[in-house]
Amino acid sequence: MALSAFDLYSIGIGPSSSHTVGPMRAAGTFVAGLRRTEILDRVTRVRAQLFGSLGATGHGHGSDKAVVLGLMGAVPETVDTDTADEQVGAVREAGELLLGGERPIRFDPADDVVMHRRKSLPAHPNGMTFEAYDGDHLLLERTYYSVGGGFVVDGAATGADRVVLDDTQVRFPFTTGGQLLAICEREGMSVSEVMLHNELSWRTEPEIRAGLLHLWQVMRECVQAGLRHGGCLPGGLKVPRRAPDLYAALTVGELRDDPLRVMDWVNLWALAVNEENASGGRVVTAPTNGAAGIIPAVLHYYATYVEGADDDGIVRFLLTAAAIGILFKEGASISGAEVGCQGEVGSACAMASGALCEVMGGTPSQVENAAEIGIEHNLGLTCDPVGGLVQIPCIERNAIASVKAINAARLSRNGTGIHTVSLDKAIKTMRETGRDMSVKYKETARGGLAVNVIEC
């Protein structure tokens with residue numbers, strides 16, 4: 001199986017890659033199957049069942065809305081985030097949707113999207129089953145798993161953490177940090193150069209560069225949107241957006257001359273992204289939506305404060321971060337429902353740490369060390385969203401992890417790269433910790449802060 005940087009980074013809709021983006025893609029895949037088998041025109045009713053973490057926190061994550069939009073033909077990359085709620089509301093009011101954007105069928109989201117809060121499917125916590133009927137006759141049934149980062153697995157695949165197989169042969173295959181470092185040493189390459197050579201298996205170098213810089217542009221647009229939008233986040237917790245007020249304090253207010261204002265800027269960039277994500281806005285999955293603010297915040301730090309920062313550095317940063325993300329995807333998981341928030345915020349922190357270290361001049365060994373520091377100090381982090389919403393503690397966690405990533409990069413850059421705990425050992429520890437973690441701390445809203453904070 002080969003993974004591209006563009007598998008780990010995708011443009012989508014908030015608030016969750018596994019709970020929003022994944023279900024939308026799964027619904028679209030199901031409709032594509034109906035069309036491919038030439039039975040779409042016979043369908044009179046569709047039913048979707050969401051299990052495990054999807055059923056437990058799906059309402060707060062917008063999973064039900066995502067399913068409806070996906071059945072109508074919307075895709076995460078282009079869905080109109082400004083009218084998504086209106087589209088779903090129109091279906092609810094009319095009791096009808098256009099399946100695949102072309103066939104009208106009766107559909108009531110309250111009855112036809114079933115959320116099983118206490119039932120799970122065997123292969124992964126984020127399971128969902130779609131059924132299409134002609135009257136009472138079942139035409140097609142398919143099960144899918146949303147395994148983190150927007151990746152969707154067909155239920156017929158073996159192994160819970162497999163994505164759709166890509167048998168592309170890359171120049172320098174690696175699945176562990178040890179293998180990656182050995183390639184860098186043997187070829188005399190940086191981590192980003194190794195990753196670039198592998199990306200050439202899918203795209204030309206100008207296409208890779210343009211694609212990564214486009215992702216950076218979307219990240220910047222997300223930050224700017226977060227600075228424009230005030231008020232409270234949706235969902236009932238009445239969490240106020242803080243980015244606009246913090247921006248005012250940094251530019252014209254009491255923080256403009258604060259000696260620690262760099263830290264406040266990093267906090268601001270992360271908050272802006274994750275507040276947009278929590279409101280269902282357009283974000284870049286990096287590697288998940290719940291952790292989408294970390295890489296943009298650290299990239300903004302690089303572009304603003306690191307001498308000599310340029311577009312080449314942005315490309316190198318994103319390539320390096322993707323290489324590290326592959327190690328987590330292959331060696332453990334990036335799904336909060338599978339290993340807790342250490343798989344989301346922890347993975348993103350490690351990715352940003354190593355990437356910043358490289359563009360600051362770090363060696364491959366220092367890059368690996370920075371990534372290890374980033375994940376080591378997020379080990380055991382639980383996923384316990386209050387009210388099942390990607391707001392508390394998720395938004396602040398991105399800000400804290402962004403500052404932590406910068407510190408990890410600087411700590412490693414000022415060292416020799418020699419360290420006791422390897423990145424591979426830390427990833428193995430994360431996987432084992434996630435396996436031992438109680439299910440109530442894996443994005444179910446049944447443990448931790450989710451039960452100790454009174455919803456208002």
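This is a predicted model: local features need pLDDT of at least 70, side-chain atom pairs count only at pLDDT 80 or more; totals for chains, interfaces and linings use all residues.
**Notebook: cores and rings**

Leaving out residues up to four places away in sequence, I found F317 touching I295, V298, L299, A352, A355, L356 and V359.

Next I looked up the other core. Apart from the one that holds F317, there is a core of 38 residues. Its members include F30, A84, L97 and V152.

Back to the largest nonpolar core. I noted 105 residues in it. Y9, I295 and F317 touch the most other members. Helix α13, residues 311-331, gives the largest share, twelve residues. Domain 1 (15-154) and domain 2 (177-441) each supply at least three residues to this core.

Then I turned to aromatic rings. How many aromatic pairs are there? I got six. For W265 and W269, the ring centres are 5.7 Å apart and the planes meet at 35 degrees, so I logged the pair as tilted. Both residues sit in helix α11 (residues 261-278), four residues apart, which means about one helical turn separates them.

I followed W269 to Y305. Their ring centres are 6.5 Å apart with planes at 50 degrees, so this pair is tilted. W269 is in helix α11 and Y305 in helix α12 (residues 294-305), so the pair ties together parts 36 residues apart in sequence.

Are these two buried or partly exposed? W269 has 6% relative accessibility, so it counts as buried. Y305 has 34%, so it counts as partly exposed. I also wrote down one aromatic cluster: Y247, W265, W269, Y301 and Y305.

Last, I checked charges over rings. The charged end of R45 sits over the ring of Y133, 4.3 Å from its centre. K329 lies over the face of F151, 4.5 Å from the ring centre.

Methods. Residues are numbered from 1 along each chain as its sequence is written. Side-chain values use heavy atoms; hydrogens and water are left out. A nonpolar core is a set of buried Ala, Val, Leu, Ile, Met, Phe, Trp, Tyr and Cys residues joined through side-chain atoms within 4.5 Å. Buried means under 20% relative accessible area, exposed over 50%, partly exposed in between (1.4 Å probe, protein chains only). Helices (H or I, at least four residues) and strands (E, at least two) are DSSP runs, numbered from the N terminus. Domain bounds come from an automatic or database domain assignment. Contact means heavy atoms within 4.5 Å. Rings of Phe, Tyr and Trp (its six-membered ring) pair if their centres lie within 6.5 Å; planes under 30 degrees apart count as stacked, over 60 as edge-to-face and the rest as tilted. A charge sits over a ring if NZ of Lys or CZ of Arg is within 6 Å of the ring centre and within 35 degrees of the ring normal.
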